[in-house]
Amino acid sequence: RPPRSTLFPYTTLFRSIRVTTSVPYPLTDVFAAMRDQLPALAEYMPNIELVVVESRDDTEDGESKMVNRWQANKSDVPVIARKFVSANQMYWLDHAHWVAADNVVHWRLEMGFMTDRVTCKGKTTYHAIDGGTEMRINGTLDLDLKGLMPKFVLRKAQPAIEKFVLGTVEPNFQKTADALTAYLDAQSSDS
């Protein structure tokens with residue numbers, strides 16, 4: 001079922017993000033790999049060039065605050081979006097607060113494009129299930145297009161802009177779980 005959205009024509013899109021994925025590995029392995037091995041996962045994600053850990057602060061109580069820079073493939077910018085997004089802006093900063101005791105990460109994405117117009121935040125919880133781990137992603141995505149361009153132009157451009165932003169954010173949640181599975185498969189075959 002697609003996430004709910006409420007659209008106020010030509011101005012703002014509010015969308016809830018709810019994605020549940022599963023990975024056929026134990027919770028401790030999945031949580032640790034997502035927190036500690038993101039740069040290695042990029043190799044398994046066709047739409048991501050690289051992931052760079054820009055900062056990390058670990059505490060003694062098992063919490064980690066991190067900022068990861070995700071660089072998307074520059075060729076993924078649709079023609080209609082090129083008026084607003086340059087290839088160099090195809091990245092996002094993932095501000096993450098990992099709490100190992102609760103198997104949760106609270107996150108906020110800061111887009112490299114339309115930074116003042118896109119807000120995306122939420123949390124991912126990790127749950128042990130038969131045969132692996134379930135990752136439950138709950139968040140919100142707000143897209144504010146008010147004043148971006150004249151209304152008569154925005155009326156035509158809005159659907160393409162929304163599709164581009166939503167297509168940048170939402171599919172990566174599933175692709176990250178797929179990449180994590182491929183990474184853990186490769187790690188287990190190397191042992």
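Let me begin with a definition: a residue is called buried under 20% relative accessible area, exposed over 50%, and partly exposed in between, with a 1.4 Å probe and protein chains only. Buried residues in this sense make up 45% of the 191 residues in the protein. What you see is a predicted model, in which local features need pLDDT of at least 70 and side-chain atom pairs count only at pLDDT 80 or more, while totals for chains, interfaces and linings use all residues. Residues are numbered from 1 along each chain as its sequence is written, and side-chain values use heavy atoms, with hydrogens and water left out.

Leucine 180 touches, through heavy atoms within 4.5 Å, Val23, Val30, Ala33, Met34, Leu41 and Met135, if residues up to four places away in sequence are not counted.

Now the charged groups: with a salt bridge taken as a side-chain nitrogen of Lys or Arg within 4 Å of a carboxyl oxygen of Asp or Glu, the count comes to five. Aspartate 36 is bridged to arginine 35, with the closest N and O atoms 2.8 Å apart, and also to arginine 56, again with the closest N and O atoms 2.8 Å apart. Arginine 35 is buried at 17% relative accessible area, whereas aspartate 36 is partly exposed at 28%, and arginine 56 is partly exposed at 36%. Salt bridges link Arg35, Asp36, Arg56 and Asp58 in a network.
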